[in-house]
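Keep the structure open as you read.

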Amino acid sequence: MNKQIVRLYGFVLLLFVFLVAFTSRWAVLEADELEDETDNRRPLIEEQRIERGTITSADGTLIAESERAGGGVFVRTYPTGALFGNPVGYSFVDVGRIGIESSENDLLSGEQNEFASIIDQLSGSTREGADITLTLDAGAQRVAVDALQSALSSTPGAEGGGSVVALEPDTGAVKVMASVPGYDPNAVQDEATFQQLRTDEAAPLLNRPTQSTYQPGSTMKVVTAVAALDSGEFTPDTTLEANSGVEISGVPLANSGGQDFGTIDMTTALTNSVNTYWAQVGEELGTDTMVEYMERFGFYADPELDYPDNQMRASGPYNSDGRLVTEGFDVGRVAIGQGGEEGQLLSAPMQMAEVAAAVANGGKLMKPTFLQEASDPDGRQIAELDPDEQSEVMSDETSAQVTELMVGVANDGTASGLSTSLGQLAGKTGTAEINVEEGLNRPWFIGFAPAEDPQIAVAAMLEQCTGCFGGEVAGPVAMQVMDALAGS
Amino acid sequence: MSARNRELFALIPVALLVTAGFAAVFAEGSDVITDASLIYGGYFLAICVATHIFLRVALPHADAYLFPLCAALAAIGLVVLYRIDETLAVEQATVFLLGLGAFAATIVFLRDYHALERYRYLIAVGSLALLMAPRLPGIGSQVNGAYLAVDFGPLSFQPAEIAKIGVVIFLASYLNEKRELFSVAARRIAGLTIPPLKHFGPLLVVWGAAMVMLVFIRDLGSSLMFFGAFLALLYVATNRLSYVLAGLAMFLVGATFFASSGPGHVQDRIDIWTNTFDENPCDLTERQLDAGQDCGVGQIRQSLYTQAEGGLFGEGLGQSLLKLPGPFFPDSCEEGFPFCGSILPEPHTDFIFAVIVAELGLFGACGLIALYALIGLRGFKTAVMARDGFSKLLATGLTAIFCLQAFVIIGGVTKVIPLTGVTMPFVSYGGSSIVANMILLALLLLVSDNARRPTGEGAAL
């Protein structure tokens with residue numbers, strides 16, 4: 001029997017090898033996947049035991065802090081309420097985490113590398129999050145939210161919401177990101193309120209500047225102008241015949257109000273936002289050149305912003321299946337911010353602000369960022385805004401030429417009613433027609449100031465109003481934000 | 001060095017383990033646990049020394065390592081229980097005293113354990129009766145869908161723990177007597193060895209008992225354990241792998257049949273095992289889901305999540321998340337932690353291994369599994385050295401069922417097999433388990449002492 005007993009022991013050892021193998025699987029090999037399982041509350045509960053860092057605006061307003069809730073657990077509060085609900089978001093155990101609370105979570109929760117956490121364990125110190133300062137300016141944010149709300153309430157037929165984004169062209173710092181309607185992040189802890197916010201048709205939880213894309217209308221002509229001049233195929237003096245009825249992709253195109261302009265140069269065409277001129281430019285440049293310049297501006301990809309991927313949407317021509325397309329679309333109409341079945345141009349307000357910023361910064365697009373500075377609980381600075389170039393969109397010369405064109409718009413053209421205390425304005429209006437019969441428009445404004453040494457680039461838009469124009473509705477919102485930033 | 005001196009030396013690491021473990025837990029949680037409970041660590045060591053002295057007198061030739069290995073398991077169990085809740089450790093230390101009593105009684109009254117052979121049918125019937133007891137109205141109680149315990153007032157007792165020893169004694173004796181018949185009088189038909197039908201009878205009874213356990217007790221774990229030990233003994237006694245395969249096939253067929261047609265519990269366990277991360281693995285109705293039922297899938301998930309915290313070296317004693325903090329702790333938790341308010345249900349019984357993985361890591365867990373493997377080694381060595389068939393089979397059976405029990409519960413917690421509620425020998429909190437395993441250890445030491453005792457011919461082993 002002894003031989004069998006030895007074999008039996010061999011079998012028992014084999015069984016135990018399975019135990020070791022499976023323990024390794026859960027404890028080490030698949031541990032990360034298990035931590036990501038949705039019903040695994042451990043990481044969330046663990047994080048509630050960490051004192052999350054504070055979030056402060058660039059001008060020193062406290063946006064988020066953690067308070068003791070008993071039992072060694074902390075809970076988040078947002079003293080500014082709805083002001084920064086978008087884009088800062090929230091972080092609660094029951095509803096999860098979105099916005100900057102999510103994208104900067106590693107800093108805020110004190111996530112460290114393995115080595116540092118072993119040192120911590122040995123020295124017995126508890127994990128604490130870093131305090132972060134955002135690039136966002138609370139004063140200007142307040143102005144932006146108020147301006148959007150009053151534009152929505154005072155403009156005839158205004159519905160839905162609106163967005164404002166303001167960037168520092170030379171650093172990529174996001175100074176303002178406003179989305180209306182918003183929500184109070186303190187309220188989402190309540191399950192009923194959260195459900196109501198989620199299902200609300202006005203979509204208050206949506207961070208419109210990064211999550212929503214719209215026809216950008218004539219603001220797109222800035223991109224087309226850059227492509228035309230920078231490719232060397234056009235100069236500001238290039239003339240084209242620009243009457244209404246010019247056939248684009250075989251279909252006649254009309255100018256705003258059915259106006260005929262005769263033969264005009266590029267300056268006149270941008271000042272008066274002449275559709276037929278710019279659509280012909282688009283056709284002459286061709287799809288490849290337009291796509292190349294759009295890509296340089298950051299279209300066709302999520303903004304390179306420190307923000308959650310699932311809260312950003314790429315801009316560009318979308319076909320009727322909802323896919324981004326790089327060919328086969330009506331390039332003439334895309335060049336004026338429109339399109340068709342094969343490719344409808346849709347842009348996020350954040351993207352259009354980047355367009356203005358790239359022109360303002362001598363043609364160099366800086367990576368946009370929210371993070372001004374982070375410091376650990378002992379006050380040591382552990383991160384700071386380090387301006388980083390995303391792409392060289394155009395030459396210095398092109399940038400100067402386009403700036404001049406945009407100054408023309410602000411001084412003599414569709415934006416001539418607008419001015420800012422920052423200095424000389426360079427801008428472009430847009431009025432996307434979303435329902436011609438009912439006169440429903442989507443007003444836009446992008447621009448920067450002062451033109452000779454740009455400090456702020458901005459994009460402002462409202463989702464819908466009746467018979468309104470970009471220069472009348474979106475422009476003033478942008479001016480108020482610029483003025484507010486000029487003061488700070 | 002004599003066997004008993006080696007045993008004494010082997011107890012030194014156990015003493016260090018308990019001391020270091022208690023000190024670590026105490027240092028970690030000194031704000032919530034009292035220093036008075038520290039003495040229970042010393043109390044446990046005193047029991048170990050007392051057992052050792054008793055063995056010196058009663059079984060001087062018995063295996064030197066079995067007892068220290070079991071004591072090491074118990075020490076780990078005690079430290080982890082102390083970490084979970086100090087009162088659990090205090091109770092467990094007290095239970096060890098009871099276990100020591102059973103241990104001593106077994107050794108004193110069963111010095112000639114061959115006497116057990118004479119009562120084998122009585123023992124078999126008694127064991128089956130014990131197994132059925134949890135279904136008796138009045139004293140039986142249902143836990144998680146399985147009938148595992150008998151309640152006597154405040155005391156709860158799991159008869160399967162004791163019954164396993166009785167079943168092994170019966171099988172060892174029966175197979176020892178009949179093994180000649182099984183291996184010699186067999187006919188070969190179409191390459192298969194078929195034993196005479198009449199000897200199949202009692203074995204069919206064993207198979208039937210395993211099936212009855214599945215259906216009436218709904219305890220897949222014990223059923224697996226018992227039947228596994230039976231197959232192990234059948235193999236060792238007859239050296240016929242074909243019997244084992246036939247037996248295994250019969251078990252699987254029976255289990256599949258009863259699992260799919262019988263009451264839902266066993267089928268649920270299997271569904272949970274195969275579809276652990278499905279949203280609704282055991283097809284509960286909308287209403288059941290709303291009522292918060294999950295047919296137990298939540299606990300195995302929590303077990304895996306707990307282990308995921310461990311990594312290679314673990315979070316350290318007392319460092320992993322177990323008791324829900326502050327606002328997460330349920331308002332209605334009358335029994336108190338760890339009976340409710342623990343993120344991992346049953347951290348002190350079924351899922352103690354997951355806690356060990358989380359806090360001592362993969363290495364700690366492997367050390368624990370190695371202890372079981374070493375006990376297996378000493379147990380099977382005892383069987384090899386034993387001088388007569390009954391002793392060999394008895395030692396084999398006891399060791400096999402002990403190792404299988406460890407496999408069934410650790411395998412359940414780590415999802416190697418469907419999760420079933422058996423205790424982790426010497427580690428889990430629970431009186432019946434400790435007492436039964438102390439008796440099992442006593443029997444193994446008796447066989448060992450008998451095997452190693454110098455004989456009249458002077459053949460010292």
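In chain A, 6 strands form an open sheet with mixed pairing, in the order S3-S2-S1-S6-S17-S18. Strands here are DSSP E runs of at least two residues, helices are H or I runs of at least four, and both are numbered from the N terminus. Two strands pair if DSSP finds at least two bridges between them. Strand S3 (74–77) and strand S18 (381–384) of chain A stand at the edges; each has a single partner strand, so one side of each lacks a neighbour in the sheet.

This is a predicted model: local features need pLDDT of at least 70, side-chain atom pairs count only at pLDDT 80 or more, and totals for chains, interfaces and linings use all residues. Residues are numbered from 1 along each chain as its sequence is written, and chains are lettered from A and ligands numbered from 1 in the order in which they are written.

Within the sheet, S1 (residues 55–56) and S2 (residues 62–68) of chain A run antiparallel, joined by 2 bridges. Thr56(A) has Leu62(A) in S2(A) as its bridge partner.

Now turn to helix H15 (residues 349–360) of chain A. 12 of its 12 residues are buried (20 or more other C-beta atoms, placed from the backbone, within 10 Å of their own), so H15(A) is largely enclosed by the rest of the structure. Gly362(A) follows H15(A), with a positive phi near 65 degrees.

Finally, the chains meet. The contact (C-beta atoms, placed from the backbone, within 7 Å) takes 44 residues from chain B and 34 residues from chain A. H13(B) gives the largest share of the chain B side, 13 residues.

Notes
Contact = placed C-beta atoms within 7 Å.
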